Amino acid sequence: MLPSARSAQAGAMANQEESAAQQNAAEAPKPQPFTERAAVVGDSVWDRVKRHKVVEWSLAYVAFGYAALHGSQMLREAFEWPSSVPRFTFYVLLLGLPFAVTLAWYHGHRAQHRVSRAEISILVALLLIAGSVLWVLSRSTHNHDNRESAGTLSESNKALAVLPFLDLSQAHDQDYLADGMAEEILDLLTRIPQLNVIGRTSAFQFKGKNEDLRTVGTKLGVAYIVEGSVRTSGPRVRVTAQLIDSHTGSHVWSESYDRDFHDVLVLQDEVATSIARELRVVVTPSNQPANESVRNPEAYMLYLRGRLAFDRGDMSALRESQADFEQALALEPALTRAAEGLLLADLNLVYDNGIPSTTGWPLVRDLAQDIVRRNPTSVFAHSALAWVHAYYDYDLAGCNHELDSALASRVNDPVALMYSAWIAAVVRRMDVAERLIHQAVISDPLSPDAYQGLGAVLRDAGDLAGAERAFRQSISISPTFGYSHLYLAQVLYYRGQLADAFTEATVEESSPARQSFLAGIQFALGHKHESDELLAAVTQKVGDGDAYWIATAYTMRGEKDEAFRWLNKAYANRDLSLHTPVDPVFASLHGDPRWGTLVKKISSSPHGARAPAT
């Protein structure tokens, strides 16, 4: 080949190699400029968070969690699930947040990263940690709920409290009407078996305190709270009632009613029925009282004033309530509410020696029998008749019969529960007594009276330690509540704590019972002179009227002859009861033949029958 041809061919080949090199160079990745590489390497954490869309994923998760939390709350109310459901939902959502952030970090940038084994291991570990935390929280919550349910009502059982209504009248002189309206609605709700209603004593402790309703709900252990207001204008009354979820403070139901005052009892029934139905409780004729109409508004006002006075509990207040109820019945004899109020006032006056036993107990019997004729299911009337049989007739069979009649009427009211519990203890049906008194404490957890009743039942059951705790709880709720200090002093005396018993008795308000016990405890402490002076003073002051308590003082002093002399006076005055044979204060008399004679007189039915004390 000619040199010129070879040169041309070599040139062509060189051109082809150059073109190929240029093409390869074009296809090869260009090296990043230094500034761009530095930007990637020097990214801040915030830049990486934004590039991986962590913020967007987190916001989306929060929005989802907000919707899920409110959804769980709505489902809880709709399907009546436990209150712990929204709480656990919150915990799950809170513990799920790290999962959302982890997923966003690995897959938020256009889902270009695959999940590696290391990533899967991290997610599994997080799941195990979250599960363990949830398990611990669930056990903690369960234990906390169990501790709360020991002293309060179970929220899953429709527990609610009715707070005092507000008086919105211009003169603010209708407070008794507002309180009475709330009490009447409370009583009506109590008659519905599916509802657990907190007693009036506990609920009314929050009157005028303006506490947060969620705090009130926690203290009372209820899921719902009823509050309202009353406004009067001439012959018209306007009532507003609200049902509130005590966990959230939100309104579940609210309604206003305008009625003529003559229809106020019908109005109360309407409010109670509306609340029950809002709680998905079926109200049947068996637990819905027949509607009444107040023919005489003044009679109803007197009845409400009587209730307000009765709730104060002291002797003067009982007499005031007695007068109000009697006037109400004089104006409207068919007002059974006033008749039951008068019955309870008379019963308490007789028991506290405000009315002589020989005249008071027959009075209580006549009134109770009249109520039973009009309302055979009246728990208060049957309980009062049981008390008459226990304290006046010494009729064990009759006492058991009336107790059974009261129990058959479905005792739900805390006061009726306490009366029935004590009668059950009197006739030695201790299992029934303890069940009823514990139910009273649960229904009225802030009532000093309920805890005092619990202490008395436990004392007679032989549980002195439990009785001491109950009496101390009564005192902690109300330090001045009548007889709690004295009953606690008696328990301390039975336990041999003489000095403590004396100290406790001195705190009690002065009464023949207190003076008699102090005379006995002074003698036990070796202070015979002080004991003699106290006993002489109380004997001279009360005469035969408090023979039972004077007999206890002589028993504590070991003077059996005087003890039996005063016990026989108490028997003649009907100041003893079927409970006397098991009263622990008289244990030192049990070996004396005279004791057997007295017990036989007390425990024998006037009809010659003996009822089983089971």
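Visitor: How far apart are the end C-alpha atoms of helix α12 (residues 315-331)?
Guide: First, this is a predicted model, where local features need pLDDT of at least 70, side-chain atom pairs count only at pLDDT 80 or more, and totals for chains, interfaces and linings use all residues. Residues are numbered from 1 along each chain as its sequence is written, and side-chain values use heavy atoms, leaving out hydrogens and water. A helix here is a DSSP run of H or I with at least four residues, numbered from the N terminus, and its expected span is 1.5 Å times one less than its number of residues. The 17 residues of α12 should therefore span 24 Å, which agrees with the distance between the end C-alpha atoms, 25 Å.

Visitor: Which elements are among those covering the buried residues of α12?
Guide: Buried means under 20% relative accessible area, exposed over 50% and partly exposed in between, using a 1.4 Å probe and protein chains only. In α12 the buried set is A317, L318, S321, Q322, D324, F325, A328 and L329. An α-helix has 3.6 residues a turn, so residues three or four places apart point the same way. The cover over that set includes α11 (297-310) and α13 (336-351).

Visitor: How do α23 and α25 run relative to each other?
Guide: Axes are lines fitted to C-alpha atoms, for helices over the stretch in contact, with angles from 0 to 180 degrees between N-to-C directions. The axes of α23 (residues 512-524) and α25 (residues 547-556) come within 8 Å and cross at roughly 5°. Angles under 35 degrees count as roughly parallel, over 145 as roughly antiparallel, 65 to 115 as roughly perpendicular and the rest as oblique. So α23 and α25 are roughly parallel.

Visitor: How many nonpolar residues does the contact of α23 with α25 have?
Guide: Contact means heavy atoms within 4.5 Å. P512, A513, S516, F517, G520, I521 and F523 in α23 meet W549, I550, A553 and M556 in α25. Ala, Val, Leu, Ile, Met, Phe, Trp, Tyr, Cys and Pro count as nonpolar, Asp, Glu, Lys and Arg as charged, and the others, Gly among them, as polar. By class there are no charged residues, two polar ones, and the nonpolar count is nine.

Visitor: Is H389 buried or exposed?
Guide: H389 sits in helix α15 (residues 379-393). Leaving aside neighbours within four places in sequence, H389 touches R365, Y394, D395, G398, C399, E402 and L578. Its relative accessible area is 13%, so H389 is buried.

Visitor: What is the relative accessible area of V507?
Guide: V507 lies in helix α22 (residues 498-507). V507 counts as partly exposed, because its relative accessible area is 48%.

Note on methods:
Helices (H or I, at least four residues) and strands (E, at least two) are DSSP runs, numbered from the N terminus.
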